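Open the model in your viewer and keep the sequence panel beside it. Each stop below says what to select and what is there.

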Amino acid sequence: MNNIAVVILNWNGKALLEEFLPYIIKYSENATIYVADNASTDSSVEYVKTAFPQIKIIQNKGNFGYAKGYNEALKEVDEEIYALVNSDIEVTPNWLLPIAELFDKDRETAIVQPKILDYYKRDTFEYAGAAGGFIDKYGFAYCRGRVFETIEKDNGQYNDILDIFWASGACFFIRKDVFWELGGFDEDFFAHQEEIDLCWRAFNQNYKIKYCGTSHVFHVGGATLKNTNPKKTFLNFRNSLWMMLKNLPKSKLFPVLFVRLFQDGLASMRFFSQGKFAFLWAVLKSHFYFYLYLFKFLNKRKSKQYKNYYKTNSIVYNYFILGKKNFNNSL
């Protein structure tokens, strides 16, 4: 495992580093550990230098968010496998070994995600990634173990190894050569959905994205931006539309986008009926940016897109209309 670089992106996260770095060090034998700092204004960097001198520190020149933050930092990382780990992840004994074995067995396996459990409810999947991600025809992301706000308990039902469509950026393994072949994360996204976009681009190049249920970590979730923050709603809606604009197959591009924009309108009406006007504005603002950058993202389209990118037609319809609340009965 000496070809694995565990890279933790940090911004003003000293408390998280204090809590979770010891687990990374203890359970990541032979891996090289980096803290990539996004120009923190707290004492994060000084703390790591003093407490863990064996950790390599990369200092970005600004708070570049997740996408550009990692793109800049990873230019200085030589190992063959990048393990991009959120600062609020608690790793477990032997978490790296099953993932390293997956990469060794199959060269076409480009991206891997472990099982992600809730730090506070340790027998329950965590929202951001759970047991591997998929999208529906209209670009809505969901996971095995988490569909919208319904989150399953971990009863061993996903202790498998499976091809998935996207891996969570909370704990995201990718081959170095594939990362740079694909051009890294799309920096226009800043944060949220950039890992799904990258996985979609990898899928279009015939690379495999896998879930490894024999490795697990615990995720606090929302440590940087909570679900109750309208900014998160804005980033998720905007970036999802941008991602679809880049990656949808040509024959589906405008028909699917038309339906998706209509569905976003329904979401806006729901926020209005609930009196969540800041969230309503977040959706409207996301659409403004979608149209503002329409041609820029059309120009990012590649020549090859596959039609079979989705597992179900509409997770929204299945969940809200048919009442299918978990992964196994939502398809």
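Select isoleucine 89. Isoleucine 89 counts as buried, at 1% relative accessibility; buried means under 20% relative accessible area, exposed over 50%, and partly exposed in between, with a 1.4 Å probe and protein chains only. This is a predicted model, in which local features need pLDDT of at least 70, side-chain atom pairs count only at pLDDT 80 or more, and totals for chains, interfaces and linings use all residues. Residues are numbered from 1 along each chain as its sequence is written, and side-chain values use heavy atoms, with hydrogens and water left out.

Isoleucine 89 sits in strand 5 (residues 89–90). Helices (H or I, at least four residues) and strands (E, at least two) are DSSP runs, numbered from the N terminus. Now show what surrounds isoleucine 89. Not counting residues up to four places away in sequence, isoleucine 89 touches Phe20, Ala170, Val217, Phe218 and His219. Contact here means heavy atoms within 4.5 Å. Isoleucine 89 and isoleucine 24 are 65 residues apart in sequence, yet 8.9 Å apart in space, C-alpha to C-alpha.

**Helix 3**

Select residues 65–74, which form helix 3. How many of its ten residues are buried? Eight are, and helix 3 is mostly covered. The buried residues are Gly65, Tyr66, Ala67, Gly69, Tyr70, Asn71, Ala73 and Leu74.

Stay in helix 3 and pick asparagine 71. Asparagine 71 is buried, with a relative accessible area of 4%. Its side chain joins that of glutamate 187 in a polar contact of 3.1 Å. A polar contact is a pair of N or O atoms within 3.5 Å; within protein, one must be able to donate a hydrogen and the other to accept it, and residues adjacent in sequence count only if both atoms are side-chain atoms. Leaving aside neighbours within four places in sequence, asparagine 71 is in contact with Phe179, Trp180, Gly184, Phe185 and Glu187.

**Two domains**

Colour 4–219 as domain 1 and 230–302 as domain 2. These bounds come from an automatic or database domain assignment. The centres of the two domains, taken over C-alpha atoms, are 25 Å apart. Turn to where they meet. There, 15 residues of domain 1 are in contact with 21 residues of domain 2.

The size of an interface is often given as the accessible area lost when the parts come together. Domain 1 and domain 2 bury about 1800 Å² between them, 59% of it on carbon and sulfur atoms. That area is the accessible area (1.4 Å probe) that two parts lose on being put together, summed over both. Five salt bridges are counted between domain 1 and domain 2. A salt bridge is a side-chain nitrogen of Lys or Arg within 4 Å of a carboxyl oxygen of Asp or Glu. The interface also has 13 residue pairs in polar contact, both residues at pLDDT 80 or more. On the side of domain 1 that touches domain 2, the residues divide into six nonpolar, four polar and five charged. Ala, Val, Leu, Ile, Met, Phe, Trp, Tyr, Cys and Pro count as nonpolar, Asp, Glu, Lys and Arg as charged, and the others, Gly among them, as polar.

**Salt bridges around lysine 300**

Which residue meets lysine 300 at 2.6 Å, N to O? Aspartate 188 does, in a salt bridge. Lysine 300 lies in the loop between helix 10 (294–298) and helix 11 (315–321), and aspartate 188 in the loop between helix 5 (176–181) and helix 6 (194–204), so the pair ties together parts that are 112 residues apart in sequence. Lysine 300 is partly exposed at 23%. Aspartate 188 is partly exposed too, at 27%.

Next, show aspartate 186. Aspartate 186 forms a salt bridge with lysine 300, with the closest N and O atoms 2.9 Å apart. Then move to aspartate 197 and arginine 201. They form a salt bridge at 3.0 Å. Both lie in helix 6, four residues apart, about one turn of the helix. Finally, select Asp186, Asp188, Asp197, Arg201, Lys246, Lys296 and Lys300 together: they are linked in a network of salt bridges.

**Last stop**

Select aspartate 163 and lysine 210. Their side chains meet in a salt bridge of 2.7 Å, N to O. Aspartate 163 is in strand 11 (residues 161–163) and lysine 210 in strand 13 (residues 208–219), 47 residues apart. Aspartate 163 counts as partly exposed at 43%, whereas lysine 210 counts as buried at 13%.
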